[in-house]
Amino acid sequence: MQVVADLHLHSKYSRAVSQNMTLPTMVYYAVQKGIDLLTVSDWTHPLWQKEIGSQLEEAGEGIYQLKSEIRNPKHETASNAADANSNDQNSKSKTPPRFIFSTEISSIYTQGGKLRRIHNLVFVPSVTVAEKISKALVSRGANLNADGRPIIGMSAKDLLSLVLEIDDRSMLIPAHIWTPHFGIYGSASGFESLEEAFGDLASHIHGIETGLSSDPEMNWQIEELQTRSILSFSDAHSPAKMGRELTVFEMEEVSYEQLRRAVMGNEKWEMSRVVGSRDEGKRTHNPSSHPDTQPKTHPRILYTVEFYPEEGKYHFSGHRNCKVVFGPEEIRKQGSICPTCGKRLTEGVLYRLQQLADPIYLGRENTKENSVGLLWHTDTRGKFPPYVKLVPLLEIVAEAGDSTVFSQKTKNIFQKLIDECGTEIDVLLKTPIENVARSSGERVADGVQRVRHGNIVIDPGYDGEYGKIEIWKDGEEKENDATPQLTLDF
Ligand SMILES: [Zn+2]
Ligand SMILES: [Zn+2]
Ligand SMILES: [Zn+2]
């Protein structure tokens, strides 16, 4: 089965996060968007932990769901319209979204004479393991009350060591690895390699998160990532932003172990079984890991859904306050000192990539359009899963209506599309364009088509400023406003 997963989110207990980031709201949005698996996120925070404990129940191995008394069945199944129209194009989830336990932890420490600020995602196989890790962090002096994404003085390597010590099925995935201030490869306080950051424990890093400002193809160019999984999640601070990046898995059933196997990759997972790591005993209770009952399909990553990396906040280099934006070309010519204030620019993802990439991995991307005009990006060597680049549906609808993502008009059209065509993922990836047009008019359909095909213009983001998407370039006008007026007042 395909499992659409967003495993980097934040709760209302993290700084700068919407008060709407509660478990029931996350579930509601997940259904609209077509996300099957979420993270509870922020599980180190004591108050949030209480909410998790009172609102979730176990629903599989390392898998949790909202308790039935909290669930609103209306929020969890397809609308009548989508039911009536039921086919593969309208695949709004019939089972409620599930949760696993992953969270983000910020490590601030000194290594090699340099201040490091690194964000990591920690995935654990159960609530019990999560509680043990929280306890261990507190006993080492961490303050878990201040922020849902706690800041600890422990190095990334020590954190990895701690979580593996508590349960070696845990996984540490470096978050948004390219961002200048908190990424493991970040220009400001990161490292030159995973090896440098994690030393002899680097082999326990089985995957990385791309972050919004990089796409998989950029990561394919890094030597040490050739054997690691490339994951994409939204890092949403508000419900509307959920699912803006996603990883789609193939699993036998939704379980933590299947997720772990998919992230580790078949080869590595099989190897760990042969070698026999010390948690082998724990695994044997799982019948699917017995050689005689090997599952038919290996859990794996099928594809990722990406933001256009130019839309991310750190794609180019620059200074926001000085209004200076440098692409890699300008940096090559002029260096990375700001011509306005004379200080060093915030060096973005593209610049950093040039420093770390291995040229032998350049040019391995192919693109292919499918029957609904969606452009798939594939690895010519077949080593990495393919991916697609998308713009959130609300943004498409907003631009189509010369409006904002906050306007009621935009929200109404978005809702009508979801009600009639399935989920946001369906509309962006699968729904035949004529169906999109029928629900929302030719202009929105044209916008979806352009986004599927990458026929859009982006002013790249830099120094914390999001890139600006233009689906319709200036002057390239709108088949006037032949767009049928929507009647939404029913
Ligand atoms: Zn982060
Ligand atoms: Zn985050
Ligand atoms: Zn400046």
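## Reading helices and their neighbours

A: The crossing of α17 and α18 is right-handed. A crossing counts as right-handed if the near helix is turned clockwise from the far one by less than a right angle, and left-handed if anticlockwise. Helices (H or I, at least four residues) and strands (E, at least two) are DSSP runs, numbered from the N terminus. Before going on: this is a predicted model, where local features need pLDDT of at least 70 and side-chain atom pairs count only at pLDDT 80 or more, while totals for chains, interfaces and linings use all residues. Residues are numbered from 1 along each chain as its sequence is written, and chains are lettered from A and ligands numbered from 1 in the order in which they are written.

Q: At what angle do α17 and α18 pack, and how far apart are their axes?

A: Two packed helices are described by the angle between their axes and the distance between the axes. Here, α17 (433-440) and α18 (442-453) pack at about 145°, with 7 Å between the axes. The axes are lines fitted to C-alpha atoms, for helices over the stretch in contact, and angles run from 0 to 180 degrees between N-to-C directions.

Q: Which residues make that contact?

A: Two residues are in contact if their C-beta atoms, placed from the backbone, lie within 7 Å. On the α17 side you'll find Ile-433, Val-436, Ala-437 and Ser-440, and α18 brings Glu-442, Val-444, Ala-445, Val-448 and Gln-449. By class, that's 6 nonpolar, 2 polar and 1 charged residues. Nonpolar here takes in Ala, Val, Leu, Ile, Met, Phe, Trp, Tyr, Cys and Pro; charged is Asp, Glu, Lys and Arg; the others, Gly among them, are polar.

Q: Is Leu-428 buried or exposed?

A: Count C-beta atoms within 10 Å: a residue with 20 or more others is buried, one with 12 or fewer is exposed, and anything in between is partly exposed, with C-beta atoms placed from the backbone. Leu-428 sits in α16 (424-429), and it counts as buried because it has 23 C-beta neighbours inside 10 Å. Skip the neighbours within four places in sequence, and Leu-428 is in contact with Leu-390, Leu-393 and Val-448. Its C-alpha atom is also 8.3 Å from that of Val-451, 23 residues away along the chain.

Q: How many residues does α5 have, and what does it reach from end to end?

A: The expected span of a helix is 1.5 Å times one less than its number of residues. With 13 residues, α5 (127-139) reaches 18 Å from its first C-alpha to its last, close to the 18 Å expected. After α5 comes Gly-141, with a positive phi near 95°.

Q: Which residues of α5 are buried?

A: An α-helix has 3.6 residues a turn, so residues three or four places apart point the same way. In α5 the buried ones are Val-129, Ala-130, Ile-133 and Leu-137. They lie on the same side of α5 because they cover an arc of only 105° around the axis; the arc is that of the directions from the helix axis to the C-beta atoms. Their packing partners are β5 (98-111), β6 (114-124), β7 (151-152) and α6 (156-166).

Q: Where does Ser-41 lie?

A: Ser-41 lies in the loop between β2 (37-39) and α2 (46-55). Its phi is near 60°, positive in a residue other than glycine. With 31 C-beta neighbours inside 10 Å, Ser-41 is buried. Ala-16 also has a phi near 60°, but with 9 such neighbours it counts as exposed.
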